[in-house]
Amino acid sequence: MFGVEPVYINKEEAKAALGLAADVTPFVGSAKALTELPEDAQFAYELLQQGYDEGSITKMGLGAGFGVLTAAGFIPDAK
């Protein structure tokens, strides 16, 4: 109708769209980030540990940066 065709999305695309909406909504995004905190902290720790074991300053920096960004996500207006 009027040159506009409908857009059909599947279930996975709908979940991804809702997840994105939840990530950018201030209070819901913070709650979602809080539930993902243990997983993110473990990933940052693993990067730091791998970097230390391998002597890789790059992996250590990535782990530290990821940890700082994870923590900064809980500071209001830091995004």
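## A salt bridge and its two partners

Glutamate 54 is exposed, with a relative accessible area of 52%. In this predicted model, the glutamate 54 side chain meets that of lysine 59 in a salt bridge, with 3.2 Å from N to O. Lysine 59 is partly exposed, at a relative accessible area of 25%. If you are looking for others, the structure holds one salt bridge.

## An aromatic pair

Let's turn to the rings. The count comes to one aromatic pair. Phenylalanine 43 and phenylalanine 66 have ring centres 5.2 Å apart and planes at 85°, so the pair is edge-to-face. It links distant parts of the chain, since phenylalanine 43 sits in helix H2 and phenylalanine 66 in helix H3, 23 residues apart.

How accessible are these two residues? Phenylalanine 43 is partly exposed, with a relative accessible area of 41%. Phenylalanine 66 is also partly exposed, at 28%.

## A nonpolar surface patch

On the surface, Leu34, Leu37 and Phe74 form a nonpolar patch, and together they have about 250 Å² of accessible area. Phenylalanine 74 lies in the segment after H3 and counts as partly exposed, at 33% relative accessibility.

## Confidence in the model

Here is what to keep in mind as you look around. The protein chain has an average pLDDT of 79, and 82% of the residues score at least 70. Confidence is highest in helix H3 (residues 57-72), at a mean of 83, and lowest in helix H2 (residues 26-54), at 79.

Notes:
Residues are numbered from 1 along each chain as its sequence is written. This is a predicted model: local features need pLDDT of at least 70, side-chain atom pairs count only at pLDDT 80 or more; totals for chains, interfaces and linings use all residues. Side-chain values use heavy atoms; hydrogens and water are left out. pLDDT is the predictor's confidence in each residue, from 0 to 100. Helices (H or I, at least four residues) and strands (E, at least two) are DSSP runs, numbered from the N terminus. A salt bridge is a side-chain nitrogen of Lys or Arg within 4 Å of a carboxyl oxygen of Asp or Glu. Buried means under 20% relative accessible area, exposed over 50%, partly exposed in between (1.4 Å probe, protein chains only). Patches are made of residues with over 30% relative accessible area and no salt bridge: like charges are joined within 9 Å, nonpolar side chains (Val, Leu, Ile, Met, Phe, Trp, Tyr) within 5 Å. Accessible areas come from the Shrake-Rupley method with a 1.4 Å probe; for residues, only the protein chains shown count as cover. Rings of Phe, Tyr and Trp (its six-membered ring) pair if their centres lie within 6.5 Å; planes under 30 degrees apart count as stacked, over 60 as edge-to-face and the rest as tilted.
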